[in-house]
Amino acid sequence: MNRNLMIAIAVAATLASSSSASQAGELVVIVNKANPTAAMSKGDVRNHYLKKQSSWSNGEKLRPVDTESSGQRDVFVHKLLGMTSNEDLERYWLELKYQKAESPPKRVEGDGAVIKFVSAFKGGIGFVDAASLDADARSKVQVVLTLKY
Amino acid sequence: MLKLFTVVLICMPLSASANEFSLSGFADVNAGYQFGSARDAAAQAMFETFGLDPHAKSSQSGFGLVGTDFTLTSELSDTVVYLAEVNLQVERGRSTAFEFDVERMYFRKTINPMLNIQAGLFFTPIGYFNRNLYSRAWMMVSAQVPDLFEEELGLIPTHTVGIQFDGGFALTGNHRLEYAVSAGNGRATDPVANVYARDDNPWRSATAMLEWVVPGEHKDLRFGVSGWHDVINTYRVAQMGETRSIADPTTQAIRMRELGGSLHAVYRGKRFSVLAEAAAQRHTVIRGMVTAGDERTTLVGVVAEASVNLGDDGRWKPYVRYDRVSLPGIDGGPYLGLRLDDDEISRFYIPDAQMAITGVAWDPSAYQRLKLEYSLALDGVRPQHAVVVQSAFGF
């Protein structure tokens, strides 16, 4: 009896884990290929994306890019930037404009537009679904942080 | 008002140009009721006789338009930004007139994370509140500007016309050490005026601020220390209520040294936020004769505020705050009560203040903050009890 129960639990756990694995996403933070930064921690991403420091270490202008609302954006805003809500982020950008004359990020639609933006600007930084990075995109941008969710 | 519309109209066509240009701002509307007698009857009597304004600063009575602030930013290049901030606010000491006030106006050059330069008119890099919140009701959790940072009182130098260098250095574990140093024209003949140009006082003010930033999962924890120094050329007005002409050769010029220091600790987190600042400032007369006891005077001020974030996304913020300002002597000393009007300089009574404040703020959206606040005056000339409702906007 106990053995059957254990098998049932193991099967259920396996199914549950395979199911969640198939639904899991992988978000990547990307920067321009010419950016000398090879890898970033969550704290680094926060400091750069939120313009807590005034520029990249080489003096290049920080150019974060944002996207329209999506589940992927929610993960980025909450888990990486540490904001409690999208409104929290909106308020942050407006406060930063008053405090440091810094502009909020450009907002574009879709991963393709994010990749295009980051590849166009040396100081670009954005986030996309890992699956959207094909060989062509990887020749123009580099992944500095991967986040599974 | 005409000047403001002219500025806006001139700038509007620029929005279609290639450089990044934006206009944003904030405003607030208040309704308040105050009751009870002042805690310090003697101070109240002095204030009624020698006070600058029939109302103490930030007192609440009826409906009030504190003002509307317009902030213009323009990215002139990848590394240079221009900021101009003007304010339409109720005229100082008046209830039926508005005035046009320049808050900030500077160019800022970004070189690298360790060094940025800005020149023009900016907030003096002292503490946290003055640099980041100032009188921005929309950004403040509580409703009232602490007397310590009230521009219209000029107790400490809130604005500088000059140059600032600032930046940050990365430490281990994403900790950062941030700094700002500035040099400027410094204090004018009276404490609420800014020397925008033609500074006849060869002494330049100097300010330095150092801040240790501890990174957090949500927001940051900051510990900072600031110091400032200035040499002020002004005039001796011996008694409260006295007015003298600065053109009168018998009016005695005096020179004093201002030396100030402040400490701050600020945490803005997911569950709660804390802001605590303390400042002390000493004026020492170094040339000229003043009334006995006025040769060396000290101001002390404290602001402490704590709030918790409740409800959906932390939109509800119950808070408590404590303010205290102890002015030198019985009347504010030989400088802080001076006001210059054309060539006449007068000395007014600036009272101490001590307040316990509690309230709740609610953010219906990212661009609006509503507050209900009760304040109890523990000292000073304000009526003992005050209730204010505030609707503050950012846009």
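**Close-up views of a two-chain model**

**Figure 1. Ser54(A) meets chain B at Asn112(B) and Asn116(B).** The side chain of Ser54(A) comes to 3.3 Å from the backbone oxygen of Asn112(B). The model is predicted, and local features need pLDDT of at least 70, side-chain atom pairs count only at pLDDT 80 or more, while totals for chains, interfaces and linings use all residues. Residues are numbered from 1 along each chain as its sequence is written, chains are lettered from A and ligands numbered from 1 in the order in which they are written, and side-chain values use heavy atoms, leaving out hydrogens and water. The side chain of Ser54(A) also makes a polar contact of 2.9 Å with the side chain of Asn116(B). A polar contact is a pair of N or O atoms within 3.5 Å; within protein, one must be able to donate a hydrogen and the other to accept it, and residues adjacent in sequence count only if both atoms are side-chain atoms. In chain A, Ser54(A) sits in the loop between α2 (42–49) and β2 (63–67); helices (H or I, at least four residues) and strands (E, at least two) are DSSP runs, numbered from the N terminus. Ser54(A) counts as buried because its relative accessibility is 15%, where buried means under 20% relative accessible area, exposed over 50% and partly exposed in between (1.4 Å probe, protein chains only). Apart from residues up to four places away in sequence, Ser54(A) is in contact (heavy atoms within 4.5 Å) with Leu62(A) and Glu102(A), and with Thr110(B), Asn112(B), Pro113(B) and Asn116(B).

**Figure 2. Chain A and chain B share an interface.** On chain A 33 residues take part in the contact, and on chain B 43 residues. Between the two chains about 3300 Å² is buried, with carbon and sulfur atoms giving 42% of this area; buried area is the accessible area (1.4 Å probe) that two parts lose on being put together, summed over both. On the chain A side, the residues that lose the most area to chain B are Arg91(A), Tyr98(A) and Gln99(A), which together give 24% of what that side buries. Across this interface there are 16 residue pairs in polar contact, both residues being at pLDDT 80 or more. Two elements of chain A, α2 and α4 (86–100), each give two or more residues to the side that touches chain B. Of the elements on that side, α4(A) gives the most, with 10 residues.

**Figure 3. Salt bridges cross the interface of chain A and chain B.** Side chains of opposite charge can pair when their charged atoms come close. Here a salt bridge is a side-chain nitrogen of Lys or Arg within 4 Å of a carboxyl oxygen of Asp or Glu. The interface holds 6 salt bridges. One example joins Lys52(A) to Asp220(B), with 3.0 Å between the closest N and O atoms. Lys52(A) and Asp220(B) also belong to a network of salt bridges that includes Arg131(B), Arg176(B), Glu178(B), Glu211(B) and Arg222(B).

**Figure 4. Salt bridges also join residues within chain B.** Over all chains, the structure holds 28 salt bridges. In the pair of Arg104(B) and Glu85(B), the closest N and O atoms are 2.6 Å apart. Arg104(B) lies in strand β4 (residues 98–112) and Glu85(B) in strand β3 (residues 80–90), so this pair ties together parts of chain B that are 19 residues apart in sequence. Arg104(B) and Glu85(B) are both buried. Glu178(B) and Arg222(B) form another salt bridge, at 3.4 Å from N to O. That pair links distant parts of the chain, 44 residues apart: Glu178(B) belongs to strand β7 (residues 176–184) and Arg222(B) to strand β9 (residues 221–235). Glu178(B) is buried because its relative accessible area is 12%, and Arg222(B) is buried because its value is 16%.

**Figure 5. Met355(B) lies in strand β17 of chain B.** Strand β17 runs over residues 353–365. Met355(B) is counted as buried because its relative accessibility is 4%. Beyond its neighbours within four places in sequence, Met355(B) is in contact with several residues, among them Gln144(B), Arg321(B), Tyr322(B), Asp323(B) and Leu376(B). Of these contact partners, Arg321(B) and Asp323(B) form a salt bridge with their closest N and O atoms 2.6 Å apart. Both Arg321(B) and Asp323(B) are buried.

**Figure 6. Chain A contains 6 helices and 5 strands.** Along the sequence, these elements follow the pattern α-β-α-β-α-α-β-α-β-α-β. Chain A has 149 residues, of which 52% count as buried. Among the contacts in chain A with a separation of 6 or more, 72% are made by residues 24 or more positions apart.
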